Amino acid sequence: MAGGAGFLGSALCARLIASGQTVICIDNLLTGSADNIATLLRHPRFRFIQHDIITPFTIPGRVDEIYNLACPASPPRYQADPIHTFRTSIDGSLNLLALAERKEARVLLTSTSEVYGDPEIPLQSESYRGCVNTVGPRACYDEGKRAAETLFWEYGAHRGLETRIARIFNTYGPQMDPADGRVVSNFIVQALSGKALTIYGDGSQTRSFCYVSDLVDGLIRLMASDEKMPVNLGNPGEFTMLELAEKVQAKLGRRSAIVFRPLPQDDPRQRRPDITRARLLLGWAPTVPLDRGLELTIPWFAQRLGVDLQHETALVS
């Protein structure tokens, strides 16, 4: 698994190990963390290799499935080195596809809802081709993932490789980096730290939030399926940034101030997945609502920040 030490990758590694699989995790640790896989490192069916997939590599022995989760997903992280971000999607995908060919393995790309750009329709289905700026600050990620999808499709359509493409919408949960820079982690960290919650724009832009265990289940089902075309994986529940801020405040039983900042360039106004194909093809739909997901996620951040929820605040069910 490429990117296996990241937030989502480590959760997928743990699920696969628990199901009896042997997992080889490859990560350069630029945004992933050895802490995320610390408990797995002691497992006899888990192996970690520190390597950047933009450089060709090989793995001895049999490989049946390859998951490509190797790319920074938060805007501050992928914009920090945009050329490397783009190369991770392009060169990294080519190297993993070449490995899959040599091993005759099935290979899955974790693409992103960012391929839809700033959507012009309220519900994004896989047939929507998007509205993406090719020369903006988010282009290294958005266009990199779009090109990676093309590579995976071409290898599947013309070279007979068993490829899968997941378009992931906003995912959250324990083991997110407190400095990740995405809205769920930002709000929780700011609230626990007694700081004002920062909203970019007027707070009316929307996102759909999928809990990590639901997303991992969707990835495993997609890998096991026969579907070669892209499949949306996300929670179709749609919330404004103001609604999310209010939910975080309510869960912590405290009212933090809210400050508004200018909306970043090309920041999408709306995100909501049409998961009809996932329901029909995979029998998959998310089961964890946002309220419950926040209850499971906030204690993780409190522990990382050294905040005692028992004494300083009460997590409200």
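Ala148 is buried, with a relative accessible area of 1%, where buried means under 20% relative accessible area, exposed over 50% and partly exposed in between, for a 1.4 Å probe and protein chains only. The model is predicted, and local features need pLDDT of at least 70, side-chain atom pairs count only at pLDDT 80 or more, and totals for chains, interfaces and linings use all residues. Residues are numbered from 1 along each chain as its sequence is written, and side-chain values use heavy atoms, with hydrogens and water left out.

**Surroundings of Ala148**

- Ala148 belongs to helix H4, where helices (H or I, at least four residues) and strands (E, at least two) are DSSP runs numbered from the N terminus.
- Once its neighbours within four places in sequence are left aside, Ala148 is in contact with Ser89, Ile90, Ser93 and Leu109, contact meaning heavy atoms within 4.5 Å.
- Leu109 lies 39 residues from Ala148 along the chain, and the C-alpha atoms of the two are separated by 7.9 Å.

**Helices H3 and H4**

- The axes of H3 (residues 82-103) and H4 (residues 139-158) come within 8 Å and cross at roughly 15°, the axes being lines fitted to C-alpha atoms, for helices over the stretch in contact, with angles running from 0 to 180 degrees between N-to-C directions.
- That angle makes H3 roughly parallel to H4, since angles under 35 degrees count as roughly parallel, over 145 as roughly antiparallel, 65 to 115 as roughly perpendicular and the rest as oblique.
- The crossing of H3 and H4 is right-handed, which is the case if the near helix is turned clockwise from the far one by less than a right angle, and left-handed if anticlockwise.
- Residues of H3 including Ser89, Ile90 and Ser93 meet residues of H4, among them Cys140, Ala147 and Ala148.
- By class, the contact of H3 with H4 has twelve nonpolar, four polar and three charged residues, where Ala, Val, Leu, Ile, Met, Phe, Trp, Tyr, Cys and Pro count as nonpolar, Asp, Glu, Lys and Arg as charged, and the others, Gly among them, as polar.

**Helices H1 and H6**

- The axes of H1 (residues 7-18) and H6 (residues 212-224) come within 10 Å and cross at roughly 65°, which makes H1 roughly perpendicular to H6.
- H1 passes H6 in a right-handed crossing.
- Phe7, Leu8, Ala11, Leu12, Arg15 and Leu16 in H1 meet a set of H6 residues that includes Val212, Asp217 and Ile220, and by class this contact of H1 with H6 has ten nonpolar, one polar and two charged residues.

**Helix H5**

- Nine of the ten residues of H5 (residues 183-192) are buried, so that the helix is mostly covered, and among the buried residues are Phe187, Ile188 and Gln190.

**Cysteines**

- The structure holds zero disulfides, a disulfide being a pair of cysteine sulfur atoms within 2.5 Å.
- Cys25 is in no disulfide, and the nearest cysteine sulfur, that of Cys13, is 4.6 Å away; Cys25 is buried, with a relative accessible area of 0%.
- The sulfur of Cys140 is 7.8 Å from the closest cysteine sulfur, in Cys71, which is too far for a bond, and Cys140 counts as buried at 10% relative accessibility.

**Pro122**

- Pro122 is found in the loop between strand E4 (106-112) and H4, and at 52% relative accessibility Pro122 counts as exposed.
- Leaving aside neighbours within four places in sequence, Pro122 is in contact with Gln270 and Arg272, while the C-alpha atoms of Pro122 and Arg269, 147 residues apart along the chain, are separated by 9.7 Å.
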